[in-house]
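User: I am new to this structure. Please take a close look at a single part of it, and show me how that part sits within the whole.

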Amino acid sequence: MSAKKSQRGAATLLMAPFFALFLGTLVVPIGYAAYLSLFTERSSGLGFGGTETLFTGLGNYLHALADPAFRDGFGVIAGYVLGYIPVMVGGALLLALLLDSTLARAKRFFQLTLYLPHAVPGIIAAIIWLYLYTPGLSPVVAAMREGGLTWNFLSSDHALSSVINISLWEWVGYNVVIFYAALQAVPREVVEAASVDGAGELRTALSIKLPMIRAAVVMTVLFTVIGALQLFTEPMILNGANPAVNTTWTPNMYAYDAAFRRGDYGVAAAASILLAFVAALLSFVVTRIGNRKGAA
Amino acid sequence: MTTTMTKPSVSTPAPVPSRARRRKPLWASKIAVNTALVLATAYTVLPLTWLLVASTKSLGDLSGNAFTLTEFHFFENLGELASADGGVYLRWYVNSILYAVGGAGLGAFCSVACGYAFDKFSFRGKEKLFGVVLLGVLVPTTALALPLYLLASELGVVNTFWAVFVPVLVNPFGVYLARIFSAGYVPGEVLEAARVDGAGELTTFWSISLKTLMPGFVTIFLFQFTGIWNNFFLPLVMLSDRELYPLSLGLYSWHTVVTAEPEYYPLTITGALLAVVPVVIAFLSLQRHWKAGMTSGAVK
């Protein structure tokens, strides 16, 4: 029975560092932010006596939710998700299936070059694309002008599509690699049996391979939705260049703005908590849908 | 099987034309498939090519003829980069390496140890505890940045190295991956044999399991390394001293003044190019390792 005890001791020791970090940098900060979100600071008197802290209960949440700037941020995210997910997941799936087909050549090379942008820091990707959007600096805009196309990447109408393009560039190759790895795990016998039975490449891809990697696709949608809610870096770069992208364009920018431009920690904490809650809720819903489809 | 057997018995020459008919579209689809892949590759590679070409240009030459090499100004740009703002760029570079290599190394080790323990040991409430880890995966990292800042400012550690270094160590998804890798790579029989030989659990982990788990460790390390190298929100809220900036925040600080002071254009572009190089090298050199880890992890 000492063997069991030593196993328990080993498990505790191996898990302790991770859970210490988990507690200190995840659970405690969220708990502290939840606590802070219940208070508000008000300058007392004529502003000489500093500030006093008042308990407001859910006041900060109501303040954030009532603020059109915060709600508009969720509208922006909704539009972004609607535009981004089909293009991203569809594109990555298509490329992964093409790579997995027997028709593709130089598979290693293609995977490598498709993945490459993901190694580029998001802030740098956004800077590169902003310069590629800027007339006078960009060869893309110049080439389009010569071809008779006048698309202004930096007009307010095109703010969403310009951001979606940056995200797509950063993430499509990453998801291709994930899907391709899942496709590699599809038993070769099943694929071979299908082709012996006379199924073409397209038929095999759609009715054999695709259903077998459904779990990977659901996971990708889940992580993409969570990622979409966090949208921050790319619009921060476009802010100032595109008139539509203001300092509270996404919920995360709103929270940042509340903390550092308005100095309102209570509202910033409330906005962060709301954001984390919506993200967790949405991903829960997506997994539920995924599971139901898996069961049917 | 029965249908394919009956068809040739009806008319004997049937299989030959059907095979010939299939071969012709095969050629067309081969071209279509590879053209699509080439186009997608152009989309991912051309912006980086532009960055490379732009880094060889002076400010005056940047606008207009972006893809033509009229002058080679790369080394002048490098010199300006090294001396700009008192050589602060080099400092950012060292900081990024410290944050990313140290953070990913330590973080991946914690994740692997924890995931291994989840896989190999049984104790009461294990699956519930694992559920808590998965819940941690759901918490967005940027939604966490402000709470971390609020806590750090209460503790008085804002604007320190540790304020950025410690929070990036935790990687719940790494634990999830490590558990899968451990189930795939480390056979239970090996552990049993070690136990029979009287080896302690921690010794077995350190001298046997960790070695077998190496491809998994590299995979988790690589993803975490890129994550930290790319991290922007956390340093943005935590740091005000530019001596502590990582490259991402430093380049952002240059970028924000670019419209007022255009001489920062070549600095930002060359600086961005050099910031991309180590991640690309890390990815290319560890690629085989990483690939092997990924596919064998998926097969299991």
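Analyst: A residue is called buried if 20 or more other C-beta atoms lie within 10 Å of its own, exposed if 12 or fewer do, and partly exposed in between, with C-beta atoms placed from the backbone. By that rule, 40% of the 300 residues of chain B count as buried. This is a predicted model, in which local features need pLDDT of at least 70 and side-chain atom pairs count only at pLDDT 80 or more, while totals for chains, interfaces and linings use all residues. Residues are numbered from 1 along each chain as its sequence is written, and chains are lettered from A and ligands numbered from 1 in the order in which they are written.

The part to look at is a helix in chain B. Helices are DSSP runs of H or I with at least four residues, strands are runs of E with at least two, and both are numbered from the N terminus. Chain B has 16 helices and zero strands. Helix H7 of chain B covers residues 141–155, which makes 15 residues. From first C-alpha to last, H7(B) reaches 20 Å. That is close to the expected 21 Å, where the expected span is 1.5 Å times one less than the number of residues.

How enclosed is H7(B)? It is largely enclosed by the rest of the structure, because 11 of its 15 residues are buried. The buried residues include Thr142(B), Pro147(B) and Tyr149(B). Leucines are among them too: Leu144(B), Leu146(B), Leu148(B), Leu150(B) and Leu151(B). Ala143(B), Ala145(B) and Ala152(B) are also buried. After the helix comes Gly156(B), with a positive phi near 75 degrees.

Now step back to the chain around the helix. Two residues are in contact if their C-beta atoms, placed from the backbone, lie within 7 Å. Of the contacts in chain B with a separation of 6 or more, 73% join residues 24 or more positions apart.

Next, the partner. The contact between the chains takes 70 residues from chain B and 73 from chain A. On the chain B side, helix H2 (residues 15–54) gives the largest share, 14 residues. That side divides into 50 nonpolar, 17 polar and three charged residues. Here Ala, Val, Leu, Ile, Met, Phe, Trp, Tyr, Cys and Pro count as nonpolar, Asp, Glu, Lys and Arg as charged, and the others, Gly among them, as polar.

Chain A has 13 helices and two strands. Buried residues make up 44% of its 296 residues. The C-alpha atoms of chain A fill a box of roughly 85 × 80 × 35 Å along the principal axes.

Last, confidence. pLDDT is the predictor's confidence in each residue, from 0 to 100. The mean pLDDT of chain B is 83, and 85% of its residues reach 70 or more. Residues 1–21 of chain B fall below 50, and this stretch has four contacts beyond near neighbours in sequence. Residues 292–300 of chain B are also below 50, with 22 such contacts. Where pLDDT is low, the predicted coordinates should not be read in detail. For the complex, the predictor gives an ipTM of 0.84 and a pTM of 0.83.
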